[in-house]
Amino acid sequence: QLIPMPGIYELLENLKKAGIRMALVSSTSQRLIIRALERMNLTDYFEVVICGDTVKEHKPSPVPYHTAMGLLKAAPEECIVIEDSEVGIRAGKASGAYVIGYRGSELSQNTALADVSIDSYDELYNMDLGITWAAA
């Protein structure tokens, strides 16, 4: 049973309205990620999907994030990574991106290495991330 995290639909829709290009970077296999995105109606939000079986190196290597950045034609300093695992945070930091640690997952993990940590996606709207949010 896949249940999206509270606030994820609103966040992705607001990022899309703000013109933010998005990628999903996961260690899970592409087959499972694509199926999950389809079941939760999230496919249309991501221009790029990088999975554990589509890159030679895996998190905590920065390669998955660098691959996504390359496909988006985005420099690391232009990117914000939201991660819920210590391994993912290490990968995001190694990529040169600004990293937000998400502590709202069912399995809470150490986010101390992130630039900042949040407990809910709603907290992002009050942060200075260089995003101009569309009026509600």
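Reply: Welcome! The protein has four helices and five strands. Along the sequence they follow the pattern α-β-α-β-α-β-α-β-β. This is a predicted model, where local features need pLDDT of at least 70, side-chain atom pairs count only at pLDDT 80 or more, and totals for chains, interfaces and linings use all residues. Residues are numbered from 1 along each chain as its sequence is written, and side-chain values use heavy atoms, leaving out hydrogens and water.

Me: What makes a run of residues count as a helix or a strand?

Reply: Both are DSSP runs, numbered from the N terminus: a helix is H or I with at least four residues, a strand is E with at least two.

Me: Why is helix 3 called oblique to helix 4?

Reply: Axes are lines fitted to C-alpha atoms, for helices over the stretch in contact, and angles run from 0 to 180 degrees between N-to-C directions. The axes of helix 3 (residues 63-72) and helix 4 (residues 86-95) come within 8 Å and cross at roughly 55 degrees. That makes helix 3 oblique to helix 4. Angles under 35 degrees count as roughly parallel, over 145 as roughly antiparallel, 65 to 115 as roughly perpendicular, and the rest as oblique.

Me: Which residues meet where helix 3 and helix 4 are in contact?

Reply: Y65, H66 and M69 in helix 3 meet G88, A91, G92, A94 and S95 in helix 4, where contact means heavy atoms within 4.5 Å. These residues divide into four nonpolar, four polar and no charged. Here Ala, Val, Leu, Ile, Met, Phe, Trp, Tyr, Cys and Pro count as nonpolar, Asp, Glu, Lys and Arg as charged, and the others, Gly among them, as polar.

Me: Why is N41 called exposed?

Reply: Exposed means over 50% relative accessible area, buried under 20%, and partly exposed in between (1.4 Å probe, protein chains only). N41 has a relative accessible area of 61%, so N41 is exposed. N41 lies in the loop between helix 2 (30-39) and strand 2, and has a positive phi of about 55 degrees although it is not a glycine.

Me: What makes K73 exposed?

Reply: Its relative accessible area is 73%, so K73 is exposed. K73 is found in the loop between helix 3 and strand 3 (80-83), and its phi is near 55 degrees, a positive value in a residue other than glycine.

Me: And how do you know whether A134 is buried, exposed or partly exposed?

Reply: A134 has 32% relative accessibility, so A134 counts as partly exposed. A134 is in the segment after strand 5. The C-alpha atoms of A134 and G19 are separated by 9.6 Å, while these residues are 115 apart along the chain.

Me: How many of the 136 residues count as buried?

Reply: In the protein, 37% of the 136 residues count as buried.
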